[in-house]
Structures are given as C-alpha cells and as structure tokens.
Amino acid sequence: IIGCSANSLSTAAAGSARRAAPDTDPSGEGTGSAQVRFHGGAEASAEVTVGANLLELAEAEGVLKEDTAHPFCRQGSCYTCELEVDDGSGRRWDRACLLAVPAQGLDVYVE
C-alpha cells in the first residue's frame, strides 16, 4: 500500500466511470455522488459515484497497487485488498473489491 497524492486525485481524467455522475438509477445504486477521503501519507479526497467500487478507485488513484506475486482475486477471498475504512459507523477493515462507496461517503486509511 502506498500513499496517494492530492494531485493524483484531482487530475484524474474527466468522464471516468469512477467519478460522480448525475442521478439516473431509481434503485439508489450508482446515483449521486459521495466523497471518498484518503488518509495517511498525503491527505486527499475524490468525489465519486455512489456505488463505485473502492478497489477500482484505489487502483486508479495509485492508493493500491497489485503485486504480481499476490494478485487481487477481485472476489473477496484473498484479502490482499483489505483497507481500513469508516463510513460514519466507526473504523473497520474491509475488502476494497467488495465495497461499494456508500451515499454518506467513506474515509479510507492507508499505511
């Protein structure tokens, strides 16, 4: 795990599926936007679409890098993408590949 820089978050390409999009889905998933705040190393935040996958966002922003010796399974069984997160209900460890960004946003703590 490496720290991310505020610059890497603010310069991501516009139109990315991980960035905030207008409300379109009445189910509540994938609609609206939420803040994801990265703590540890450089402090940074990004506005993303509610329901965006945290692993995809963390990889795109350089917060998590896949290790060729221990690749991400992307199914939740290997635990190599586990991060400390807080959605407002307290800190906990969770697998980024299984975590959709909630409407209330998310704090992510990286080493």
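**Exercise 1.** Does Cys97 count as buried or exposed, and at what relative accessibility?

*Solution.* Before we start: this is a predicted model, where local features need pLDDT of at least 70 and side-chain atom pairs count only at pLDDT 80 or more, while totals for chains, interfaces and linings use all residues. Residues are numbered from 1 along each chain as its sequence is written, and side-chain values use heavy atoms, with hydrogens and water left out.

Step 1: get the cut-offs. Buried means under 20% relative accessible area, exposed means over 50%, and partly exposed is in between (1.4 Å probe, protein chains only).
Step 2: apply them. Cys97 has 10% relative accessibility, so it counts as buried.

**Exercise 2.** In what order do the elements of the protein run from the N terminus on?

*Solution.* Step 1: know what you're looking for. Helices (H or I, at least four residues) and strands (E, at least two) are DSSP runs, numbered from the N terminus.
Step 1: tally them up. The protein has two helices and five strands.
Step 2: write the order. Starting at the N terminus, you get α-β-β-α-β-β-β.

**Exercise 3.** Where is Asp107, and which residues does it touch?

*Solution.* Asp107 sits in strand 5, residues 106-109.
Step 1: check its cover. With 15% relative accessibility, Asp107 counts as buried.
Step 2: list the neighbours. Leaving out residues up to four places away in sequence, Asp107 touches Arg37, His39, Glu84, Val85 and Asp86; contact means heavy atoms within 4.5 Å.
Step 3: The side chains of Asp107 and Arg37 make a polar contact at 2.8 Å. (That's a pair of N or O atoms within 3.5 Å; within protein, one must be able to donate a hydrogen and the other to accept it, and residues adjacent in sequence count only if both atoms are side-chain atoms.)

**Exercise 4.** What is the phi of Arg74, and what is that of Tyr79?

*Solution.* Most residues other than glycine have a negative phi.
Step 1: read the angles. Arg74 has a positive phi near 65 degrees and isn't a glycine. Tyr79 isn't a glycine either, and its phi is positive at about 65 degrees.
Step 2: find them. Arg74 lies in the loop between helix 2 and strand 3 (82-86), and Tyr79 is in the loop between helix 2 and strand 3.
Step 3: check accessibility. Arg74 is partly exposed at 40%, and Tyr79 is partly exposed at 45%.
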